[in-house]
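Please keep the sequence and the coordinates at hand while reading.

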Amino acid sequence: MGCAYWQGFRAGLPFVLVVAPFGLLFGVVATEAGLDIVQTMVMTVLVIAGASQFAAVQLLSDNAPTFVVILTGLAVNMRMAMYSASLTPHLGKAGLGKRALVAYFLVDQSYAVSVAEYAKTPARPLPEKLAFFFGSVSPIAPLWYGFTYIGAVAGKAIPPEYALDFAVPITFIAIVAPALRSLPQISAAFVSVAVALSLAWLPYNSGLIVAALLAMITGAAIEKRLEQAHE
Amino acid sequence: MNDTSIWITIIALGIGTFLIRFSFLGLLGGRDLPDWLTRHLRYVPVAVLPGLVAPLVVWPDATGGSADLARSLAALAALAIGALTRSMLGAIFGGMAVLYSVQYFM
């Protein structure tokens, strides 16, 4: 079991290179947007989901209404319902406390390495599968908290000519660009941009919600068409 | 933006995100999501983030809302680097490097 933990730990280790700068950037951006250090840290520890945290902080600094901020942040995290569903056959029999802990630490990286491992060795006993999962998140979560803190403290010292206002859009583009691999993905992104820009005049940033819904429908519809064309 | 709305956002986002993660593991057991739903959920990131970003690129706050060459080029660079190399960090650093270079030379 210790062996499975360290196996997971090694699988999670390369993500340190992504998580540390990402956490640092979040700390900087959140304090620039007007959150104090306590608020920044509570958010990072409670939410522990980078993209939604960036989205929430951006909308907060745009003075969007609170319900739009929350709705957008949660929408960004809806993909994790899929993660939760796909881990359930492997970890669903664990005790409630352990499942709650898995849920809290269910981030993109721990999900990706664990689901790949479970696919390779589906017959492993449950304690080993759990140990692997917690191993994979062990190098990631503490660094996420720690580097957010460093960024929050250092952020105040960074002068405006570094144009950090633009770090958030750049970060979002960087998150999305690698996912633009297929026609449905590219079409969804295109619809999202076109609708969001043309509905930018709508109050309460509600154009974004409309844009996201239409983009999801577009992506799913094109995916279905392509599948049917293949059959 | 006031303290109360920041705290409400933090707590609601924290609890909501946990419930999303806990959903199937905790409550729904081994039941599968219906096909049509997973098909739509797959597109959530590419449906939300580009729409959030586009106005920030086209009408950046820092320039008072008028389009800006350095920021537009930086956004295009990040998009191109991310799409071609599949590297998130490469795209962030590349985009910021273009932003600084263009600002420096203009």
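Q: Which residues does B:Ala78 touch, not counting residues up to four places away in sequence?
A: This is a predicted model, in which local features need pLDDT of at least 70 and side-chain atom pairs count only at pLDDT 80 or more, while totals for chains, interfaces and linings use all residues. Residues are numbered from 1 along each chain as its sequence is written, with chains lettered from A and ligands numbered from 1 in the order in which they are written. Two residues are in contact if their C-beta atoms, placed from the backbone, lie within 7 Å. With residues up to four places away in sequence left out, the residues touched by B:Ala78 are A:Ile170, A:Ile173, A:Ala174, A:Ala177, B:Ala91, B:Ile92, B:Gly94 and B:Gly95.

Q: What covers the buried residues of H4(B)?
A: Helices (DSSP runs of H or I, at least four residues) and strands (runs of E, at least two) are numbered from the N terminus, and a residue is buried if 20 or more other C-beta atoms lie within 10 Å of its own, exposed if 12 or fewer, and partly exposed in between, with C-beta atoms placed from the backbone. In H4(B), the buried residues are B:Ala70, B:Arg71, B:Ala74, B:Ala75, B:Ala77, B:Ala78, B:Leu79, B:Ile81 and B:Gly82. Their cover includes helix H11 (167-176) of chain A together with helix H3 (44-58) and helix H5 (88-105) of chain B.

Q: How many Å does helix H4 of chain B reach from its first C-alpha to its last?
A: The expected span of a helix is 1.5 Å times one less than its number of residues, and helix H4 (residues 69-85) of chain B has 17 residues. After H4(B) comes B:Arg86, whose phi is positive, near 60 degrees. The reach of this helix is close to the expected 24 Å, being itself 24 Å.

Q: Which residues touch the most other members of the largest nonpolar core?
A: A nonpolar core is a set of buried Ala, Val, Leu, Ile, Met, Phe, Trp, Tyr and Cys residues joined through C-beta atoms within 7 Å. The largest one has 107 residues, and H3(B) gives the largest share of this core, ten residues. At least three residues of this core come from each of domain 1 (2-155) and domain 2 (180-230) of chain A, these bounds being from an automatic or database domain assignment. The members that touch the most others are A:Val29, A:Ile170, A:Ile173, B:Ala74 and B:Ala78.

Q: Which helix of chain A gives the most to the side that touches chain B?
A: The interface brings 79 residues of chain A into contact with 62 residues of chain B. Helix H6 (residues 79-91) of chain A contributes ten residues, the most on that side. The side of chain A that touches chain B divides into 57 nonpolar, 17 polar and five charged residues, where Ala, Val, Leu, Ile, Met, Phe, Trp, Tyr, Cys and Pro count as nonpolar, Asp, Glu, Lys and Arg as charged, and the others, Gly among them, as polar. The helix asked for is H6 of chain A.

Q: Why is B:Phe18 counted as buried?
A: B:Phe18 is found in helix H1 (residues 3-28) of chain B. Leaving out residues up to four places away in sequence, B:Phe18 touches A:Ala103 and A:Tyr104. B:Phe18 counts as buried because the number of other C-beta atoms within 10 Å is 21.

Q: Is A:Ser86 buried or partly exposed?
A: A:Ser86 is found in helix H6 of chain A, and its C-alpha atom is separated by 27 Å from that of A:Ile173, 87 residues apart along the chain. With 18 other C-beta atoms within 10 Å, A:Ser86 is partly exposed.

Q: What is the radius of gyration of chain A?
A: Chain A has 13 helices and zero strands. The radius of gyration is taken over C-alpha atoms, and the globule rule is 2.2 Å times the number of residues to the power 0.38. For 231 residues the rule gives 17 Å, and chain A is close to this, so it is as compact as a globular protein of that length, with a radius of gyration of 19 Å.

Q: What radius of gyration does chain B have?
A: Chain B has five helices and zero strands, and 44% of its 106 residues count as buried. Residues 24 or more positions apart make up 30% of the contacts in chain B with a separation of 6 or more. A compact globule of 106 residues would have a radius of gyration near 13 Å, but that of chain B is 19 Å.
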